[in-house]
Amino acid sequence: MSISRRGVLFGLPLFLAGCASTNFTQQRQNYAAVPDEKFPLKAMQLDQIKPELRRQEVAYVTTHPAGTVVVDTPARRLYFVMGNGQAMRYGVGVGRQGLALKGNAYIGRKAEWPSWTPTPNMIRREPERNLKYAGGMPGGPNNPLGARALYLYRDGNDTMFRLHGTNQPQSIGHAMSSGCIRMLNHDIIDLYQRVPVGSRVVVLQA
């Protein structure tokens with residue numbers, strides 16, 4: 001084996017270690033404290049988030065144009081299509097079977113630290129839990145919509161389906177919400193900054 005080839009092989013582990021270190025540093029920055037929020041967010045420890053659910057740029061081949069949001073419900077992933085075969089991937093929590101949207105929609109409006117009002121169906125299903133909030137719950141750290149909400153519309157009508165933050169980070173990666181897509185507060189803030197009103201959203205079901 002030539003000296004130059006040995007040098008490449010010996011240097012490869014160091015190169016890979018450098019990539020891993022850079023990726024880890026970026027992920028720590030992704031979930032650092034956000035003190036300038038209306039309700040400041042504490043830093044999230046990476047060991048609280050499974051590696052596959054952390055926000056990261058990934059290879060993603062799709063026919064959807066850049067700027068599209070693709071929600072892969074069975075995989076518990078959301079992709080913001082960046083173009084050139086790349087996407088920003090986020091882990092999400094999804095709705096219980098039969099309670100989730102399917103197909104195309106668009107972002108009809110956006111809100112920071114949104115208020116939350118349970119739907120009539122939610123009140124009927126769980127009156128002891130939701131009836132007291134029939135008049136609405138102000139935004140804040142205890143609000144189930146978290147730091148941001150993206151409201152999905154079809155043909156000018158609110159679908160009552162949202163992409164939103166959560167005050168239950170342990171729910172990410174699971175199917176346990178009442179039909180909406182929930183994200184870590186740090187992640188929904190990042191997505192909120194990327195998508196203007198009118199952006200296309202595609203929700204995939206099994």
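Which residue's side chain does that of arginine 162 meet in a salt bridge? The points below take up this pair and its surroundings.

1. Basis. This is a predicted model, in which local features need pLDDT of at least 70, side-chain atom pairs count only at pLDDT 80 or more, and totals for chains, interfaces and linings use all residues. Residues are numbered from 1 along each chain as its sequence is written, and side-chain values use heavy atoms, with hydrogens and water left out.

2. The pair in question. The partner of arginine 162 is aspartate 158, at 2.8 Å from N to O; a salt bridge is a side-chain nitrogen of Lys or Arg within 4 Å of a carboxyl oxygen of Asp or Glu. Arginine 162 counts as buried because its relative accessibility is 12%, whereas aspartate 158, at 27%, counts as partly exposed. Here buried means under 20% relative accessible area, exposed over 50%, and partly exposed in between (1.4 Å probe, protein chains only).

3. Strands β7 (residues 148–154) and β8 (residues 157–164) run antiparallel and are joined by 6 bridges. Strands are DSSP runs of E with at least two residues, helices runs of H or I with at least four, numbered from the N terminus; two strands pair if DSSP finds at least two bridges between them. Tyrosine 153 has aspartate 158 as its bridge partner, and alanine 149 has histidine 164. The turn of the hairpin has 2 residues between the strands, and aspartate 155 there shows a positive phi of about 50°.

4. The sheet. An open sheet of mixed pairing is formed by 9 strands in the order β1-β4-β3-β2-β11-β6-β7-β8-β10. Its edge strands, β1 (56–59) and β10, each pair on one side only. Strand β10 (residues 181–182) runs parallel to β8 through 2 bridges, with arginine 182 as the bridge partner of histidine 164.

5. Arginine 55 and aspartate 190 meet in a salt bridge of 3.4 Å, N to O. The two are 135 residues apart, arginine 55 in the loop between α1 (3–30) and β1, aspartate 190 in helix α4. Both are buried.
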